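Me: I'm new to this one. Can you walk me through what's on screen?
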Amino acid sequence: MSLLVKICGLSTRETLETALDAGADMVGFVFFPPSPRHVSLELGRDLGRQVKRRALKVALTVDADDATLDNIMDALSPDILQLHGKESVARLRDIKQRFGRPVMKAVPVATAADLAVLPGYAEVADRILFDARAPKDATRPGGLGAAFDWHLLENLELKLPYMVSGGLDAHNVAEAVRVTRAGGVDVSSGVESASGVKDPVMIKAFICAARATQDASQELSVR
Ligand SMILES: O=C(O)c1ccccc1NCC(=O)[C@H](O)[C@H](O)COP(=O)(O)O
């Protein structure tokens with residue numbers, strides 16, 4: 001199974017095209033106004049049309065209500081709903097039933113105790129995104145460019161696919177994959193020249209570095 005690469009927080013046609021051309025498997029759009037990467041429904045509709053099924057469209061929300069999700073579904077028609085707030089297992093079940101899309105639940109990680117929520121989410125979510133737990137005074141629950149201790153996932157046994165995120169960049173993504181054995185990687189800050197400003201060169205470098213981890217593991221497996 002090849003490594004899934006997600007570029008999150010895309011908000012311009014140019015950088016979206018760069019991510020698609022470079023082979024991103026998932027492109028994430030943030031619908032959370034306090035974020036520097038927030039996209040309006042109109043922009044989300046426009047960027048969504050540009051994807052043209054070249055990658056999976058991921059709508060990222062934080063504790064969004066049904067009306068908000070309805071509007072996002074209409075504008076973007078996302079392939080995956082990424083829930084990055086305090087959504088309960090029951091809320092996940094409700095969202096899946098109501099909107100009929102796969103759900104990726106973000107799980108904030110700071111200590112091993114944070115993994116206690118996994119059994120409940122694993123019953124409903126389609127995928128887990130491990131991210132660094134945001135500081136208490138943070139203005140948003142993710143996209144902060146901070147890594148967590150990947151060794152907390154070293155012995156993880158999870159029956160559903162998971163991605164690792166939080167402070168990744170072209171230089172550390174290989175180590176993150178090696179330690180966590182994640183089937184996917186997700187990045188936002190690590191491909192930006194400034195907060196919310198995606199950098200095409202950094203996007204290409206990240207995807208290249210992520211793909212190289214596959215080549216390395218395939219070489220090992222054929223030896
Ligand atoms: O990216 C944001 O601004 C954001 C805002 C609110 C909730 C989640 C957010 N991002 C979630 C993501 O999926 C990020 O890619 C993930 O947290 C990793 O971000 P980074 O550490 O900046 O690479």
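Predicted model: local features only at pLDDT ≥ 70, side-chain atom pairs only at ≥ 80, totals over all residues.
Me: Where does D63 lie?
Reply: D63 lies in the loop between β3 and α3.

Me: What is the phi of D63?
Reply: Positive, about 50 degrees, although D63 is not a glycine.

Me: And how exposed is D63?
Reply: D63 counts as partly exposed, with 13 C-beta neighbours inside 10 Å.

Me: What about K52, where is that found?
Reply: K52 sits in the loop between α2 and β3. Its phi is positive too, about 50 degrees, and K52 is not a glycine either.

Me: Is K52 buried or exposed?
Reply: Exposed. K52 has 8 other C-beta atoms within 10 Å, and the cut-off for exposed is 12 or fewer.

Me: Let's do α2 itself. Which residues of α2 are buried?
Reply: Helix α2 covers residues 41–51, and its buried residues are G44, L47, G48 and V51. They sit on the same side of α2, because they cover an arc of only 105 degrees around the axis.

Me: Which residues are exposed on the other side of α2?
Reply: E42 and R49 are exposed there.

Me: Switching to the ligand. Which residues come nearest?
Reply: There are 26 residues around the ligand, and C8, S35, G142, G143 and S189 come nearest.

Me: Which strands supply at least two residues of that shell?
Reply: β2 (26–30) and β8 (184–187) each do.

Me: How does the shell split by class?
Reply: Nine residues are nonpolar, 13 are polar and four are charged.

Me: Now the big picture. How many helices and strands?
Reply: The protein has seven helices and 10 strands. The radius of gyration is 16 Å, close to the 17 Å that the globule rule gives for 223 residues, so the protein is as compact as a globular protein of that length.

Me: How much of the protein is buried?
Reply: Of the 223 residues, 41% count as buried.

Me: What does UniProt place at residues 5–207?
Reply: The unreviewed UniProt entry places the feature "domain: N-(5'phosphoribosyl) anthranilate isomerase (PRAI)" there. Over residues 5–207 the chain is 31% helix and 22% strand. The end C-alpha atoms of that stretch are 7 Å apart.

Notes
Residues numbered from 1 in each chain as written. Helix = DSSP H or I, 4+ residues; strand = E, 2+ residues; numbered from the N terminus. Rg over C-alpha atoms; globule rule 2.2 N^0.38 Å. Buried ≥ 20, exposed ≤ 12 C-beta atoms within 10 Å, placed from the backbone. UniProt positions renumbered as here; feature names shortened; annotations may be inferred. Near = placed C-beta within 6 Å. Nonpolar A, V, L, I, M, F, W, Y, C, P; charged D, E, K, R; others polar. Arc of directions from axis to C-beta.
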